[in-house]
Amino acid sequence: MDDAQPHHETEQETELFKADHPQGPPEWQAAWPDPAAFLEAYYGLSGEIGVLQKNPPSFLLKQAELTCRLDFTRDPVEAERFHAEAAILLHLRLASGQVDVPEPLAAADGTWVVEPDGTDVELPLSARLLTLPQAEPSTKSLRPSSDASARIGTYLAHLIRDLEAAQPGESDDDMPLLRATSDLRQAGPAIVKLLRDVSDADIRDPIAKVMVSALRRVQPLGPHLRTQLIHHHPIGIDLLGQIVDGNWQPSGFVDPSPLGQGWVVALLAASCAELVGMGTDGALDILPAVMAFHAHYPLLAEEVKALWPLTVVRIGLLRSTAERQAAHGTATAAVDSVLEEARRRFDVASSVHPAVMEAALFDALGWPLPETPELELLLPEIDATQIRLVDLSVESPLFVAGNFEDPDIDWRLLARAAWETQMGATRFGEFRLSRSLQQDRAENQNFALHVDFCLPAGAQVHAPIGGMLKQLDGRLVLSGKEATLQLEGLDCILADETALFAGDRMGIVAGREGSVGGLRIRLCREPDLTPPLFATERMAGAWKRLALSPSLILGTNLDAPASRAASPVRGWRDRLYDSHGRCFVDLSGAAGLLGYGHPVMAEAAYSQWLLLNGLAGTKAQADFRTALLAHMPKRFDRVLALSDGMQAMEFAHELARAHSGDDKPLRIADERRTGFGRLGDVFWQFERDEDMPDIIVTGSPVPGEALAAVIVSSDRLPPALLETLPAPTAGAVACRIGTAVLETLDDEPLREQAREVGEALHHHLQSLLKDRPALAAIEGEGLAIDLVLEGMEPMELARTVAGHGVLLHATGGDRVALTAPLCLSITAVDRLVRALDLALPLAHPSVAQPEAPQQEASETSLPDSSDHPI
């Protein structure tokens, strides 16, 4: 593989040459034909001429709607390549309806490659003319998103199929003229040659180390990788597309020179190298493209294994080329920009362990899990039936009244579980609720990849596998052929590099005699990989391929039940949690006034359920009416109806119509969203008005229950209306909870908190108005606000914001409603504003908005000091 890379023109270079000599700089004129005269003589074409690249020269011809590329060469081998490329391009244009490619134009004599006889030009000389597809370049229209990445993957699958049909032979011997300079099969020598010119060891050595590691993973796979005609630069500036339904759709390529024999997976790897770091998911940005490619052109297992190492090699080649150019070339802003981007992508690619990316790829493609090895027991002398498991999942009954916010709660509950038998253990593969509180992280790292095990100190620990023993950062590591075991909490007197057989004694559980000690256990298939204590939900499937369950060596099942599809299972205050521990700030109104999980509401429900859950006429219902009236001005003394919010408002209008004969129409105060202190400074919004309303409609203080009320003065009640009052449908339990909520609103300083947080919320939302044209206005106040949209569907905004962990309610029309509980925190407000900042398009569409929050931590990073061992 030669170190010279095909020239890729920048946007500045693709502009038409505006100098006095459109055939190029003056020094070219003696060496190459005048392009305008040549086109006129051999093709009968004329138009505006511009320079594309310098050596050998290429020119751009623009004539009306036609854009052509003229290439010259004096190299006989390159001339033969022109002929081969013409045959391939013609085949692609005839056979493919899915890929747009340049079209060779025949000269006046009918040939695809012009070879003058020497009467008017210096020989040897060959030339070809290609019509370029009419399309949008990716550099102008491609925006980072998973959908855009998937569309690229689909295009690549179509391209590889078309190239398979168009190739002139099946081996390098059949295509000697189509050997691309960027063939990854020859990456090793190319890396050596490039890095030889980089003298700074601090730059050179890390690149070399990563490249050697990647090439070693590819080497044994090489014989199993499919080989055919491919395009070695399938995306990037060579990629063209069409705008379809408002989205940029990849459709073809500009330059045929990267066509050549190569590994099928190398085409995908070259594309992945461009996608890494393009979006917000780092190395995982490649997954949508790979999944789409595999759906249309299935990969072999060996190709999946080779894909990420080849992607890293491709990125390393780009970095090495940029480093050499920066070290030996002229420093320019363009060179510095290329180098900065090459370094950034290299850092992203090299920060992820290749085994983790391989597992992520297999998981994304739905590959079966590898076989589980058979291991011996770690603690053969204990009775595994005495191990008590502790449930730390999101649905655990052990978590009440927010006790999961205690940073030591998992340890406390584990110690309690171990109290009876002196043996207790956490569960492997469990989404931990206590790890789901990190609202400053893009994703929770809460999927347990380890087991913490309480057991008597001094218990004998034996090697479950044969292998080599070593101490590493406070952990005892036993590396074997089948797996690698990592232990914390073990007293071991064996020296480093001690070789053990399966069943050999390793040590004892640390701790004083008679006490309960603890082991932290991790098992992994990869010898040089330390699984983190916890993984994110997105990486859980990948890590399940790498991290083995300690159940294999403890003789009993310590695995958490497989979690069903993520759905809401728990709420606490202003937050909602699904079964995988994802945390959402709920501003849809479903959290009610006090928020989720308030102990007062739970106690009221429990106490009343022990007594009665009847319907109309219960004492609980009478108590609720009394409590509601106690919060009203004295003249309002009658609760006419208890129903849902819509029916209550309809009944209020019926009541107003019954007074239609009066001189003065009745005023209705709609307090369904604004009442009960949501505005902060007043309990009811109508308290600010000079004129008192005649009818008050409240919302339900208990979400989902029919406790919305219509309240009037007795002197305003038409006697005939008493015969048509709707029967209440709320049960006694709902009424008792409603009473408890009203009493709590008097006892707790929630209204002051609502006022302060509401002011901060309104201030932050107002700041979005200036550069977010889709946000036309902000109406309402306190914790009841409407976002008025322009040019954006409410459901679209609600869905996008939900993807960032905030739930809103699209009311229809042009509005999204924000109805928060009185316990809304400033942290939740910050999260809302960040979500809206990402979801609402900027006033300048050229600035791309990321699709999802940036993941802040690598999946391969070691746990921080807060993850203390037992």
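This is a predicted model: local features need pLDDT of at least 70, side-chain atom pairs count only at pLDDT 80 or more; totals for chains, interfaces and linings use all residues.
## Basis and overall make-up

Residues are numbered from 1 along each chain as its sequence is written.

The protein has 22 helices and 36 strands. Both are DSSP runs, numbered from the N terminus: helices are H or I with at least four residues, strands are E with at least two. Of the 870 residues, 52% are buried. Buried means under 20% relative accessible area, exposed means over 50%, and partly exposed is in between (1.4 Å probe, protein chains only). Contact means heavy atoms within 4.5 Å. Among contacts with a separation of 6 or more, 74% come from residues 24 or more positions apart.

## Helices α6 and α7

Helix α6 spans residues 187-196 and helix α7 spans residues 201-218. Their axes come within 11 Å and cross at roughly 175°. That makes α6 roughly antiparallel to α7. Axes here are lines fitted to C-alpha atoms, for helices over the stretch in contact, and angles run from 0 to 180 degrees between N-to-C directions. Angles under 35 degrees count as roughly parallel, over 145 as roughly antiparallel, 65 to 115 as roughly perpendicular, and the rest as oblique.

On the α6 side, the contact is made by Ala 187, Gly 188, Ile 191 and Leu 195. On the α7 side, Arg 204, Ile 207, Ala 208, Met 211 and Leu 215 take part. By class, the contact of α6 with α7 has 7 nonpolar, 1 polar and 1 charged residues. Ala, Val, Leu, Ile, Met, Phe, Trp, Tyr, Cys and Pro count as nonpolar; Asp, Glu, Lys and Arg count as charged; the others, Gly among them, count as polar.

## Aromatic pairs

A pair of aromatic rings is described by the distance of the centres and the angle of the planes. Rings of Phe, Tyr and Trp (its six-membered ring) pair if their centres lie within 6.5 Å; planes under 30 degrees apart count as stacked, over 60 as edge-to-face and the rest as tilted. By this rule there are 14 aromatic pairs. Phe 59 and Phe 72 form one that is edge-to-face, at 6.1 Å centre to centre with 75° between the planes. Phe 59 lies in strand β2 (residues 58-63) and Phe 72 in strand β3 (residues 66-73), so the pair ties together parts that are 13 residues apart in sequence. Phe 59 and Phe 72 are both buried.

Trp 684 and Phe 686 have ring centres 6.3 Å apart and planes at 5°, so this pair is stacked. Both residues, Trp 684 and Phe 686, are buried. Ring pairs also link Trp 32, Phe 38, Tyr 42, Phe 59 and Phe 72 into a cluster.

## Charges over rings

A charge sits over a ring if NZ of Lys or CZ of Arg is within 6 Å of the ring centre and within 35 degrees of the ring normal. Arg 74 lies over the face of Trp 32, at 4.7 Å from the ring centre. Trp 32 belongs to the ring cluster. The charged end of Arg 319 sits over the ring of Phe 346, 5.0 Å from its centre.

## Two histidines

His 580 lies in the loop between β26 (575-578) and β27 (583-586). His 580 is buried, with a relative accessible area of 13%. Leaving aside neighbours within four places in sequence, its contacts are Val 394, Phe 431, Asn 446, Glu 537, Ser 563, Arg 564 and Ala 566. Val 569 is 11 residues away along the chain, and its C-alpha atom is 9.3 Å from that of His 580.

His 294 is in helix α9 (residues 287-296). His 294 is buried, at 18% relative accessible area. Beyond neighbours within four places in sequence, His 294 contacts Leu 299, Leu 365 and Trp 367.

## Loop residues

Glu 497 is not a glycine, yet has a positive phi of about 65°. Glu 497 sits in the loop between β19 (490-491) and β20 (498-500), and counts as exposed at 53% relative accessibility. Phe 676, also not a glycine, has a positive phi of about 65°. Phe 676 is in the loop between β29 (668-671) and β30 (695-698), and is buried, with a relative accessible area of 2%.

Ala 630 is in the loop between α17 (619-629) and β28 (638-643). At 64% relative accessibility, Ala 630 counts as exposed. Ala 630 and Leu 742 are 112 residues apart in sequence and 9.5 Å apart in space, C-alpha to C-alpha.

Conventions
Side-chain values use heavy atoms; hydrogens and water are left out.
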